[in-house]
Amino acid sequence: MIRQATAADIPDLARVHVEAWRQTYAGHVPEALLAPERVEFRARMWTAILAGGEGPYLALVAPDDRGALAALGLFMPASEAPAGWDHEIRSLYLLRHIQRRGIGAAMLAQGRDWVRARGGRNLMAWALDANTGAQDFYRATGAVEIARREVPAGNATLAEISFGWDPV
Ligand SMILES: CC(C)(COP(=O)(O)OP(=O)(O)OC[C@H]1O[C@@H](n2cnc3c(N)ncnc32)[C@H](O)[C@@H]1OP(=O)(O)O)[C@@H](O)C(=O)NCCC(=O)NCCS
């Protein structure tokens, strides 16, 4: 039921990405980052990625019980990782109604397989400091904390923690 994303998924990817952000981050990030208008930004992002313009990637999607796209995972070479980390989870979002059924762990396993097949050594991900659910998930799947950072977001500053699987 997990499959690779295609260009036909772009409208659903964009909608689910924004909805998952709202479910995950409401009250923790500036409201502008959760606004419905962000769907257009996400559609442009997914269009660029699936066209290959952002480099190599593994983009996964999964449906809910009714067949609607409800989960996405995006694995890429590292662009925002501390030195020594070569691959990152760029996005991993499940809508709330399909969480805690093993889909996130299954997507992560496929991402790790993809990194290994590319000859990558390790994999990391950033999580918002307030997102303890994601941190628990990363720890439960064998990751360890590797770094902390603060990133500007609008008029706010967001604290983030990174986790890594090394070797992947
Ligand atoms: C975090 C996320 C990707 C995990 O995927 P999932 O399919 O829900 O999680 P799984 O069912 O694969 O969980 C595997 C294990 O991780 C741990 N875990 C997962 N979610 C957890 C949570 N919210 N709180 C505590 N532990 C959690 C548990 O140990 C779980 O095993 P169990 O259910 O048998 O107890 C998913 O819940 C999600 O998309 N959450 C919202 C968005 C988000 O935070 N994304 C990450 C951004 S950095």
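What percentage of the contacts in the protein chain with a separation of 6 or more comes from residues 24 or more positions apart? I found 61%, with contact taken as heavy atoms within 4.5 Å.

A note on the ground rules: this is a predicted model, where local features need pLDDT of at least 70, side-chain atom pairs count only at pLDDT 80 or more, and totals for chains, interfaces and linings use all residues. Residues are numbered from 1 along each chain as its sequence is written, and side-chain values use heavy atoms, with hydrogens and water left out.

Next I looked up the fold. I read off 4 helices and 7 strands, in the order β-α-α-β-β-β-α-β-α-β-β; helices (H or I, at least four residues) and strands (E, at least two) are DSSP runs, numbered from the N terminus.

Then I turned to burial. Of the 168 residues, 46% count as buried, meaning under 20% relative accessible area with a 1.4 Å probe, protein chains only.

The largest nonpolar core holds 51 residues, and Trp-46, Phe-75, Ile-89, Leu-123, Tyr-138 and Trp-165 have the most contacts inside it. Strand E3 (residues 69-77) supplies the largest share of this core, 7 residues. I counted as core the buried Ala, Val, Leu, Ile, Met, Phe, Trp, Tyr and Cys residues joined through side-chain atoms within 4.5 Å.

Last, I followed Ile-89. Leaving out residues up to four places away in sequence, Ile-89 touches Leu-74, Phe-75, Leu-108, Leu-123, Met-124, Ala-125, Tyr-138 and Trp-165.

Key
Buried means under 20% relative accessible area, exposed over 50%, partly exposed in between (1.4 Å probe, protein chains only).
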